[in-house]
Every structure is written in C-alpha cells, then in structure tokens.
Amino acid sequence: MKRGEDPSDPGGYFIINGTERVIINIEDLAPNNLMVEKNKTKNFYARFFAAQGSYKIPHTIEKKKDGIYYITFTRIKLIPIVVVLKAIGMLKDEDIMKAISTKKNYDELILNLFEFADIKTQEDALDYIGKRSGIAQAKEIRLERTTDILDKYLLPNLGMDSKMRSLKAKNLCKMLKRL
C-alpha cells in the first residue's frame with residue numbers, strides 16, 4: 001500500500017521486459033506423483049496422473065459417505081478399490097489388509113473388505129467392474145475387455161501387460177495407505 005499497490009490484488013503476475021507474465025500453478029499435472037488434497041466437504045481424496053509415453057491418465061481415489069474407497073480412471077468410474085485389487089490378482093483379504101493397514105484406518109479397511117467379501121475370485125471382480133462400467137456384452141467378452149482396460153489404463157506408468165498386475169496392486173495399496 002505504501003508503494004501505491006492495490007491491497008485486494010491477488011498478485012502472481014510480473015512485468016518482464018515490458019511483457020506481463022503470470023505464474024500458473026500446474027502441480028496437479030505433475031506426472032506420476034500422488035497428491036492428497038481436501039475437497040469442499042473437508043474430505044481427503046488422492047489424485048495421480050499416470051504418464052507413460054503418450055498416455056497421461058488421471059486417477060482419483062476418494063472415500064464416499066458410505067465409508068467405501070472408490071477409484072476412477074479412464075473408462076472406469078467410481079469402482080470400489082477393493083474390487084479393483086481383487087481383479088488384478090490380490091485376492092486374499094489378509095494380503096490386502098497387510099499391504100494397506102495402519103492402526104488409523106483399520107476399521108475403515110475392514111468395512112471395505114466386508115462389503116465385498118462375496119467377491120472371491122478374480123473373474124467375479126472383473127465381472128463386477130465390467131457390469132458397472134457399461135460393458136454390456138457376453139460374459140467372456142466383458143471379462144476380456146475389462147482385463148484389457150485394467151492392463152492398459154490402470155497405472156500405465158508401471159507397465160501395460162499382465163505381468164505388472166502385482167506391482168500395480170502393491171502401488172494401489174501404497175496410495176490408499178497414504179490417503
């Protein structure tokens with residue numbers, strides 16, 4: 001104010017060689033970097049931009065009012081993360097619990113595992129995801145397309161073939177633990 005500047009001006013711009021320059025926050029576009037943020041309702045959610053070659057796929061993990069953690073990424077909208085973990089090969093609830101569990105989220109994790117305890121096989125999980133993703137074809141084709149989507153679009157920065165599923169499952173667990 002002493003220099004004649006407007007106190008309500010938000011700032012963030014500069015004059016350099018007679019040209020106005022603006023600072024733009026592009027943190028959310030940082031590739032392969034998990035960011036945990038709060039939304040308007042004071043709930044935490046995690047965002048991750050998986051980048052591999054020409055692929056730049058945003059992933060979001062959030063907890064809804066029902067206490068279930070959901071993941072959203074290309075072609076997959078709001079699917080419970082426990083189901084995705086089972087679909088990519090982490091079938092045992094004990095393995096999921098050990099990979100994610102901390103004393104802080106122990107009860108929340110049990111709720112998520114209990115809610116989807118009826119999904120016991122990888123095929124059940126793939127079928128669940130396929131049906132909720134709008135793949136309305138014969139079961140064999142639905143399972144194949146869902147598997148293809150998970151391999152290509154779920155964390156493509158880790159790899160895009162079936163050999164990388166266990167690594168993807170471990171990384172999803174790390175992300176959920178951090179959230």
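Predicted model: local features only at pLDDT ≥ 70, side-chain atom pairs only at ≥ 80, totals over all residues.
1. Let's start with helix α6, which runs over residues 165-178.

2. Next, which residues of α6 are buried? They are R165, K168, A169, N171, L172, C173, M175 and L176. As background for reading that list, residues three or four places apart in an α-helix point the same way, because there are 3.6 residues a turn.

3. L167 also belongs to helix α6. Its relative accessibility is 35%, so L167 counts as partly exposed; the cut-offs are under 20% for buried and over 50% for exposed. Along the sequence L167 and G89 are 78 residues apart, yet their C-alpha atoms lie 10 Å from each other in space.

4. Now to the rings. The count of aromatic pairs comes to one. The partners are F116 and Y128, with ring centres 5.9 Å apart and planes at 80°, so this pair is edge-to-face; the angle needed for that label is over 60 degrees.

5. Where do the two partners sit? F116 is in the loop between α3 (106-115) and α4 (122-132), while Y128 is in helix α4. Twelve residues separate them, and the pair links distant parts of the chain. Both F116 and Y128 are buried.

6. Y128 has another neighbour worth a look on your screen: the charged end of R132 sits over the Y128 ring, 3.7 Å from the ring centre.

Definitions and conventions:
Residues numbered from 1 in each chain as written. Heavy atoms only, no water. Helix = DSSP H or I, 4+ residues; strand = E, 2+ residues; numbered from the N terminus. Expected span 1.5 Å × (residues − 1). Buried < 20%, exposed > 50% of the residue type's maximum accessible area, 1.4 Å probe, protein only. Phe/Tyr/Trp six-rings, centres within 6.5 Å; stacked < 30°, edge-to-face > 60°. Lys NZ or Arg CZ within 6 Å of the ring centre and 35° of its normal.
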